[in-house]
Amino acid sequence: MNIKVNGKPTELDQPISIQELMESRGIKPGEVVIQYNGEIIDKTLWATTVLKENDDLEILRFVGGG
Amino acid sequence: MDVLKVGGKELLNRLFLGTGKFASDALIPGIIKASGIQVVTVALRRVDFDNPQENMLNYIDKDCILMPNTSGARTAAEAAKIARIARACGCGNWVKIEVIKDNKYLLPDNYETLRATEILANEGFAVFPYMSPDLMVARQLRDAGAAAVMPLGSPIGTNRGLRTKELVRILIDEIDLPIIVDAGIGKPSEAAEAMEMGAAAVLVNTAIAVAGDPVGMAEAFSLAVKAGRQAFLADPGAVKEYAEASSPLTGFLRDEE
């Protein structure tokens with residue numbers, strides 16, 4: 001299954017939730033905000049949202065800036 | 001008590017801190033504490049999974065007001081999108097509008113900035129537009145619902161100081177919103193200069209971040225901002241063309257001819 005994560009084509013072996021994808025990448029809820037197919041998705045929905053073909057995730061966080 | 005009321009908040013400290021370019025983000029908590037910083041800007045970016053960094057928010061005191069910027073936006077629509085995402089992070093409703101297409105001087109696009117201000121003020125944001133100091137645009141920003149107007153002193157990151165002084169002075173005179181000088185301030189004396197003429201606050205990033213001792217430089221800026229503000233409140237005397245003696249012009253210790 002192919003999805004896009006921060007603009008990069010990404011292949012998943014099996015359907016997993018957003019939560020599982022974040023855990024596999026070492027990201028904790030509260031550290032990032034996620035746009036799921038263009039809409040912000042609340043972290044309470046990460047566990048129940050299972051990724052499907054062609055999904056588009058933007059994983060964003062605050063960095064230093066002026 | 002001299003309080004700055006802006007964006008629905010009351011501030012005692014008029015030095016706003018930008019958090020980019022620090023050699024180590026671990027310096028930031030010490031700066032916030034030592035200088036009593038209350039407002040801090042941050043940027044929103046994609047997570048780089050190949051080079052994961054700590055979340056900047058871990059370095060910012062929970063009592064600080066976060067002012068996410070829309071850096072990276074080239075249009076009003078992009079700025080609005082970034083602002084909405086930042087607000088969804090649960091960090092309050094302040095946003096610094098930064099819409100820039102010019103990569104050499106990083107000068108803001110005043111037109112798109114105005115458009116973004118209209119959109120976001122309507123959505124309940126406290127909008128702080130970074131702008132080139134232009135009176136007509138400043139009036140339009142005010143009418144669009146901006147919380148403050150943030151004219152640049154000189155191009156971002158140049159440390160060239162308050163080169164736009166005359167134009168900023170006009171904004172201070174004419175616009176009944178806080179005028180916050182943002183960008184280009186390189187030295188504490190320049191921050192004091194802005195405050196002396198009535199700026200409501202200054203936003204400093206590069207000058208502190210790239211100093212040999214960022215903590216010491218932040219304290220110097222904090223003192224300068226306080227000194228400049230106090231001087232403004234004390235109403236500086238008039239500037240004159242010719243000398244006017246400070247000592248009496250009578251009773252000299254010599255015989256009059």
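This is a predicted model: local features need pLDDT of at least 70, side-chain atom pairs count only at pLDDT 80 or more; totals for chains, interfaces and linings use all residues.
1. Overall build of chain B. Chain B has eight helices and ten strands. Its C-alpha trace spans about 85 × 40 × 40 Å along the principal axes. Of its 257 residues, 45% are buried. If you look at contacts with a separation of 6 or more, 63% of those in chain B link residues 24 or more positions apart.

2. The core. The largest nonpolar core runs to 90 residues, and those with the most contacts inside it include B:Val95, B:Val127, B:Ile180 and B:Val204. Helix 2 of chain B (residues 76–88) supplies the largest share of this core, six residues. As background, nonpolar side chains in soluble globular proteins tend to be buried together.

3. One residue worth a click. B:Ala199 is also among the core residues with the most contacts inside it. Leaving out residues up to four places away in sequence, B:Ala199 touches B:Ile172, B:Ile179, B:Ile180, B:Val181 and B:Ala194.

4. Chain A against chain B. Here 18 residues of chain A are in contact with 28 residues of chain B. On the chain A side, strand 3 (33–36) and strand 5 (56–64) are the elements that give two or more residues. Strand 5 has the largest share, with seven residues. By type, that side of chain A divides into eight nonpolar, six polar and four charged residues.

5. Strand 5 of chain A runs antiparallel to strand 4 of chain B (residues 39–46), and five bridges join them.

Note on methods
Residues are numbered from 1 along each chain as its sequence is written. Chains are lettered from A and ligands numbered from 1 in the order in which they are written. A nonpolar core is a set of buried Ala, Val, Leu, Ile, Met, Phe, Trp, Tyr and Cys residues joined through C-beta atoms within 7 Å. A residue is buried if 20 or more other C-beta atoms lie within 10 Å of its own, exposed if 12 or fewer, and partly exposed in between; C-beta atoms are placed from the backbone. Helices (H or I, at least four residues) and strands (E, at least two) are DSSP runs, numbered from the N terminus. Two residues are in contact if their C-beta atoms, placed from the backbone, lie within 7 Å. Ala, Val, Leu, Ile, Met, Phe, Trp, Tyr, Cys and Pro count as nonpolar, Asp, Glu, Lys and Arg as charged, and the others, Gly among them, as polar. Two strands pair if DSSP finds at least two bridges between them.
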